[in-house]
Amino acid sequence: MRSIAIYGKGGIGKSTLASNIAYALSKFGLKVLLIGCDPKSDSTINIIGKHIPSLLDIMKTNKNPSIDMFLFKGSNNISCIEIGGPEPGIGCAGRGIIVGVNYIFKNLNINDYDFIIFDVPADIVCGGLAIVVKEKYAEGVIIVTSDDFMSIYAANNICRGLNTIRVNAFGILYNKSTKNGIKYVEKFSRKVNLPIIGIIPYSEEIISANKMMKTVIEVYPNSNISNIIKSISLSILNIKEGRIPNWLSINELEEIFYENS
Amino acid sequence: MSVIIHPRPSPIAAAMYMLRDLDVDVIILHGPSGCCFGPARLLEKDGVKVFTTALSENELIFGGEKRLRNILKKINELFKPKLIGVVGTCASMIIGENIKRVVEELNLANKTICCNVHSGLGDNTIGAIEVLKEAMNLGIISKEEFERQKYMLEMATLLEKTRGTARLEYIPNSPGDNPKKVAYEIINDIRNNKEVACILNAKKETAFLFADIIIVLNEIKKKIGGKIKFIANLDPNIGLPRIRNYSKIILEELNRRGINIDFITGGLDEYPIAGEKAKEIVLNSSTELAIIAGIPHAVAIEGKVKTIAITSGSRATSNLKSLGYDYVVNEYGAHRVTLGKKYIHRSILGNAIRKIMRDIS
């Protein structure tokens with residue numbers, strides 16, 4: 001069984017990539033489990049085609065729900081769970097992830113799956129959001145970033161968190177790539193000592209598929225973007241080991257964008 | 001910065017005690033049901049109705065304001081309290097609960113003291129100051145009284161850090177000296193005509209226990225004579241009405257027994273500074289033995305005259321010993337003994353002295 005956790009700045013495309021990678025892996029014949037850890041419960045929409053009830057919502061009234069109450073099968077038989085969490089502005093999403101993930105791993109036979117993907121909200125801002133990798137539920141992390149400063153800033157913050165808690169990262173997914181942006185991501189990748197696993201360009205097909213609540217591979221199976229995601233998924237599958245990333249000071253981070261080298 | 005690694009009092013508990021001093025009818029702890037269980041039970045003994053919102057895992061994830069709203073509403077309808085206190089806890093404050101918003105939504109803001117504290121804020125007095133600030137905002141106490149109380153609490157914190165149980169990284173527990181042995185010391189010194197100062201420097205309701213030493217020393221005086229002067233922080237005109245009343249009750253009881261306090265050093269909430277006055281009185285006299293009850297470390301006369309300290313708590317006892325007080329008696333659980341009682345309660349040392357005096361006669 002392999003497992004990864006996807007981290008990155010909010011809105012960077014983690015959930016879209018997570019569902020597309022899950023779909024691609026399932027197409028390779030793997031039994032895939034996609035676990036959405038975002039309180040918005042939107043990680044699995046592209047697989048199921050709609051929102052599914054979240055584990056934590058179910059646990060409000062049933063402390064010990066059976067697996068079939070919170071695990072749903074979607075496209076290509078991919079298993080999906082949404083942990084859920086509080087509405088914006090109240091409660092504690094981090095605590096929710098701790099409770100939800102612990103419950104899943106206590107009750108679900110994870111060895112039934114070939115590949116588990118965790119879609120984790122934002123960067124590692126607190127202990128709760130780090131639980132997935134801290135407790136080794138996921139073997140390592142894939143960091144999603146675009147080439148803009150704030151996105152790389154968030155990626156660096158994730159590297160810092162992983163360095164602190166001594167957790168491996170597998171590499172970087174460069175999403176929404178632009179014509180001149182690769183140099184920034186490459187510099188960052190070198191400095192934090194993580195490989196770029198793949199480059200995903202901005203895609204109208206992805207936007208179109210998202211509107212249909214489907215993965216791009218399902219809607220446009222022969223498109224260029226689908227082939228890119230399939231190729232990246234294969235690379236992820238073949239990663240043997242990760243490494244603890246370095247992290248950069250704010251000055252070092254700014255140099256990526258402003259130095260003439 | 002060194003961290004104190006022995007257990008310390010909590011700002012939550014301090015907030016609850018201060019709410020009691022302000023005569024709230026009910027206190028609602030917004031947190032898991034086990035939070036501050038000990039102080040809650042003691043305050044119930046003292047007549048305050050204490051409730052908890054009993055937050056569980058669900059509320060910690062999804063928020064507990066709805067639970068607080070329901071409980072606050074129910075308590076208000078059921079008990080019709082004139083004054084309510086709502087106190088935060090670690091759990092509710094960490095997840096960002098807004099106590100005040102709930103209180104305002106229920107139109108209870110004009111009779112509810114909201115206190116956003118948790119145990120990670122540092123000094124316990126922070127909780128008490130928070131309550132006082134809110135009480136001032138509600139017009140329950142004046143700005144002058146708030147400033148006076150705040151100063152006293154800050155001085156109390158300073159005292160704890162310089163001479164109390166917050167002065168060292170770790171202070172072990174100690175049972176203190178044998179009360180019988182200390183009782184003999186006192187009786188023998190009085191019998192040998194030594195000049196004795198009996199100092200009550202007590203904190204609030206604990207005076208109901210520590211004032212017993214005044215009664216027993218007076219009994220000795222009546223029986224075998226002796227030169228004893230009484231010094232006490234029992235000013236009935238200082239502090240919140242409840243605290244003034246404690247002084248009044250104690251003074252009346254002492255009066256009934258024919259005891260006159262020679263020097264009043266301040267009110268029962270002024271123990272952090274009243275000790276300084278007591279020290280001056282003792283050092284400007286020919287006192288040979290000082291018996292200090294309550295918060296003895298506020299009366300810094302160890303090493304200058306023979307000292308017998310009477311306090312509560314095995315860590316406080318150990319601290320006084322290490323400061324150099326000659327004898328230290330631990331009056332176990334002063335709060336537990338005095339809460340809910342409004343009369344001078346017999347103390348361990350007092351009883352040891354009484355027993356010896358009976359045997360003498």
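Student: How many helices and strands does chain A have?
Tutor: The model is predicted, and its secondary structure is counted here for chain A. The helices number twelve and the strands eight.

Student: Why is chain A described as compact as a globular protein of its length?
Tutor: The C-alpha trace spans about 60 × 40 × 35 Å along its principal axes. For 261 residues the globule rule gives 18 Å, and chain A is close to that value, so it is as compact as a globular protein of that length. Its radius of gyration is 18 Å.

Student: What share of the contacts in chain A between residues at least 6 apart in sequence joins residues at least 24 apart?
Tutor: Of the 261 residues of chain A, 54% count as buried. Among the contacts in question, the share that joins residues at least 24 apart is 78%.

Student: How far apart do the centres of the positive and negative side chains of chain A lie?
Tutor: Chain A exposes about 11,100 Å², of which carbon and sulfur atoms supply 49%. Its charged side chains comprise 27 positive and 23 negative ones. The separation between the centres of these two sets is 2 Å.

Student: Which strands stand at the edges of the open sheet in chain B?
Tutor: Six strands form this sheet with parallel pairing, in the order β7-β6-β5-β8-β9-β10 (chain B). An edge strand has a single partner, so one of its sides is left without a neighbour in the sheet. In chain B these strands are β7 (263-264) and β10.

Student: Which residue of β10(B) is the bridge partner of B:Ala309?
Tutor: Strand β9 (residues 306-311) of chain B runs parallel to β10(B), and four bridges join them. Within β10(B), the partner of B:Ala309 is B:Val328.

Student: Which residues of strand β10 of chain B cover its two faces as buried positions?
Tutor: In a regular strand the side chains alternate between the two faces of the sheet. Strand β10 (residues 327-330) of chain B is covered on both faces. The buried residues are B:Tyr327 and B:Val329 on one side, and on the other B:Val328 and B:Asn330.

Student: Is B:Glu59 buried or exposed?
Tutor: B:Glu59 belongs to helix α3 (residues 57-62) of chain B. Not counting residues up to four places away in sequence, B:Glu59 touches B:Ala54, B:Gly64, B:Arg67 and B:Ile95. Its relative accessible area is 12%, and the cut-off is under 20%, so B:Glu59 is buried.

Technical notes: Residues numbered from 1 in each chain as written. Chains lettered and ligands numbered in written order. Predicted model: local features only at pLDDT ≥ 70, side-chain atom pairs only at ≥ 80, totals over all residues. Heavy atoms only, no water. Rg over C-alpha atoms; globule rule 2.2 N^0.38 Å. Buried < 20%, exposed > 50% of the residue type's maximum accessible area, 1.4 Å probe, protein only. Contact = heavy atoms within 4.5 Å. Areas by Shrake-Rupley, 256 points an atom, 1.4 Å probe, with all protein chains shown as cover. Lys, Arg positive; Asp, Glu negative; His and termini not counted. Charge placed at Lys NZ, Arg CZ, Asp CG, Glu CD. Pairing = 2+ DSSP bridges.
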